[in-house]
Amino acid sequence: MNLMTLENIGKSYSEKILLENISFGINEGEKIGIIGVNGTGKSTLLKIIAGSEEPDKGTITKANRVRIEYLPQNPDYDETITILEQVFKGTSDEMKLLGEYQDTLEKINTNYDDNLNKKLLSLQEKIDALNLWDLESEAKSVLSKLGLNDFNQKIKELSGGQRKRVSLASALITPCELLILDEPTNHLDNDTIDWLEEYLNSRKGSLLMITHDRYFLDRVTNRIIELDKGRLFSYDGNYSSFLEKKMERLALESSMEEKRQNLIKTELAWVRRGAKARTTKQKARLQRFDDLVNKNPISTDDKMDISVGSSRLGNKIIEIHNISKRFDDKTVIDNLEYTLARTDRIGIIGKNGLGKSTLIKILDGQLKPDSGHIEIGETVKIGCFTQDDSHMNTEMRAIDYVKEASDYIETSDGSKITASQMCERFLFNGTMQYTLIGKLSGGERRRLHLLRTLMMAPNVLLLDEPTNDLDIETLNRLEDYLDEFRGIVITVSHDRYFLDRICNKVFAYEGNGKIHIYTGNYSDYQLYREIQGIEFEESQKNTKNESVDSEPKKEKPKNDKKLKFTYNEQREFDTIDSDIEKLEQKIESLEEITSKYATDFTKLQEILDEKASLEKELEHKYERWEYLNNLSEEINASKN
């Protein structure tokens, strides 16, 4: 069933065209992720669909009785009310009824009145009739999962991130056919993002969202819509499918652009040959030449080299000696001892409010530890990218803000890149460079702040939530930069993809200021945690078994039937390791030759189909490997 259709939607702000002739439909059960560079109109498109903004042109057709719930990037709050009251401040009939009930209950608790009591009983009857008590219970459950346990706490007492989570809870529990979320994972820690993935996957109804969390897109969506240079592209499947299909599209467009250039050369030669007989030339052919030349070329996302030089690090970098930090009665860092190595790429993770940003500020010299000290080598040059952009002068032009850091930087080969060229490489074209900062979107400001930090050519980068509000294209460019960066990276992030791509060590905040250090990226850390959990469960079982050893053991009835492999299982068990290795090698070889056929669309499709088939077979082999090895362990245990 089609919920909504958009046809030829257009939207402009002064001279800037955000949306031009955008058309697509939203169907029942679809979970759509919208991606694109910051400033391309993604949030504006959501507002138009939600009905909070009107398009300049085009039509929107909505099916009857389709309810829409919208979570904007910057929701409105009533600071005088409680968390639970804010959650029930939605516009649907159900939320209004529960909101009125909470409001009446609050008034009775403050000043009892018979009329209020009668009203409360009447509201209870209506809630009973609509079976909405489950909704209140779900609201409290969702708030708890989002780390908000004091439902009567006032909104004015919450941080910005906590307020956003209150609005997220309200959006999640509001009954609707289409749920619209703008950056739902911002300000959420990794465990909460995992929970949100499961919640949205099990939720009925359609979903439309903007997010730059690539793992989140991959695990939740079944359709990707990309806004790219004024055009809209729709891809069925999750984020992985989108990457494959976009690669195919870009290869095809590259081939088409190459043909267009060849046609221009042919036509140019014809025009020049007949220059003396201009009056007798075929007007149609001249018009064709003119059309070919003036047609906008199909541009692809060229991967730009942003590898820049950094000053050399000496033998002594940063040494952290037993530092501790408290705020009132809360310990956020407890005796941290660590010496940084040249190759360190450290990801700092943990639940919100535990003190991750505090560690970044201490390393940057913005805060002093309560005890212990930090020694910084003479050659260390720190660049710090923070969450706060309040220091930015909104009346300053973007290029001048970047030039405040430096007019140019040197590349690793000694050549120079100007501030303007660096802006181009971070998606600020000539016009945008001279735009006032106050006119940039939130994501564009974050990108500009990041660019300024990199222009300082540091050799130690401190990044505090660098992925918040940055689009995927900018994240890709940042990750490419960090791949070539010769210094140290220390980053606070909840973006699991970014942590996997960048980090080789994890500093995990695990409560009471204790920071545990793990080698590997975020996935390695998760695996280690799972193993720890399994070992803990086994030790608990063993403890429980030991505690009942004094009781007389009942003799188990003997089972004469021996546990063993079947003939086919034994053959499969003997060869499965080599089978998996061969499949992995085949997939790797296909990945290597993909670029060779980038312009041969037919051959490229054959390779991708074969790769998908092999990956499916490999997944089945992994499942069989797990089953057969578990069975082998049981067989060996039965022999003892």
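User: Why is K119 called partly exposed?

Analyst: This is a predicted model, in which local features need pLDDT of at least 70, side-chain atom pairs count only at pLDDT 80 or more, and totals for chains, interfaces and linings use all residues. Residues are numbered from 1 along each chain as its sequence is written, and side-chain values use heavy atoms, with hydrogens and water left out. A residue is buried under 20% relative accessible area, exposed over 50% and partly exposed in between, for a 1.4 Å probe and protein chains only. K119 has a relative accessible area of 35%, so the middle class applies.

User: What makes E100 and K119 a salt bridge?

Analyst: The term requires a side-chain nitrogen of Lys or Arg within 4 Å of a carboxyl oxygen of Asp or Glu. Between the side chains of E100 and K119 the N to O distance is 3.4 Å, so the pair meets the rule. E100 is in helix α3 (residues 93-110) and K119 in helix α4 (residues 114-130), so the bridge ties together parts 19 residues apart in sequence. E100 is also partly exposed, at 35% relative accessibility. In general, side chains of opposite charge can pair when their charged atoms come close.

User: How many salt bridges does this rule give?

Analyst: The count is 31. One of them joins K351 and D191, whose closest N and O atoms are 3.6 Å apart. K351 is in the loop between β12 (345-349) and α11 (356-363), and D191 is in helix α7 (residues 190-202), so this pair links parts 160 residues apart in sequence. Helices (H or I, at least four residues) and strands (E, at least two) are DSSP runs, numbered from the N terminus. K351 is partly exposed at 44%, and D191 is partly exposed at 32%.

User: Where do K611 and E615 lie, and how do you know that they form a salt bridge?

Analyst: K611 and E615 both belong to helix α20 (residues 601-639), four residues apart, about one turn of the helix. Their closest N and O atoms are 3.0 Å apart, and the limit is 4 Å, so the pair counts. K611 is buried at 12%, whereas E615 is partly exposed at 31%. Elsewhere, salt bridges that share partners join R214, E479, D480, D483, D495 and R501 into one network.

User: Why are α6 and α7 called roughly parallel?

Analyst: Two packed helices are described by the angle between their axes and the distance between the axes. Axes are lines fitted to C-alpha atoms, for helices over the stretch in contact, and angles run from 0 to 180 degrees between N-to-C directions. Helix α6 (residues 160-173) and α7 pack at about 20 degrees, with axes 12 Å apart. Angles under 35 degrees count as roughly parallel, over 145 as roughly antiparallel, 65 to 115 as roughly perpendicular and the rest as oblique. The α6 and α7 pair therefore counts as roughly parallel.

User: Which residues make the contact between α6 and α7?

Analyst: Contact means heavy atoms within 4.5 Å. L168, L172 and I173 contribute from α6, and W195, L196, Y199 and L200 from α7. E197 also has its place in helix α7. E197 counts as buried, at 8% relative accessibility. Leaving aside residues up to four places away in sequence, E197 touches Y215, F216, R219, V220 and R496.

User: Why is α11 described as largely enclosed?

Analyst: Six of its eight residues are buried, so the rest of the structure largely encloses α11. The buried residues of α11 are K356, T358, L359, I360, I362 and L363. For the whole protein chain, 44% of the 640 residues count as buried.

User: What makes N21 and N322 worth a remark?

Analyst: Most residues other than glycine have a negative phi, and most peptide bonds are trans. N21 has a positive phi of about 55 degrees although it is not a glycine, and N322 has a positive phi of about 45 degrees, also without being a glycine. N21 lies in strand β2 (residues 16-27) and N322 in strand β10 (residues 318-327). N21 is partly exposed at 42%, and N322 is partly exposed at 40%.
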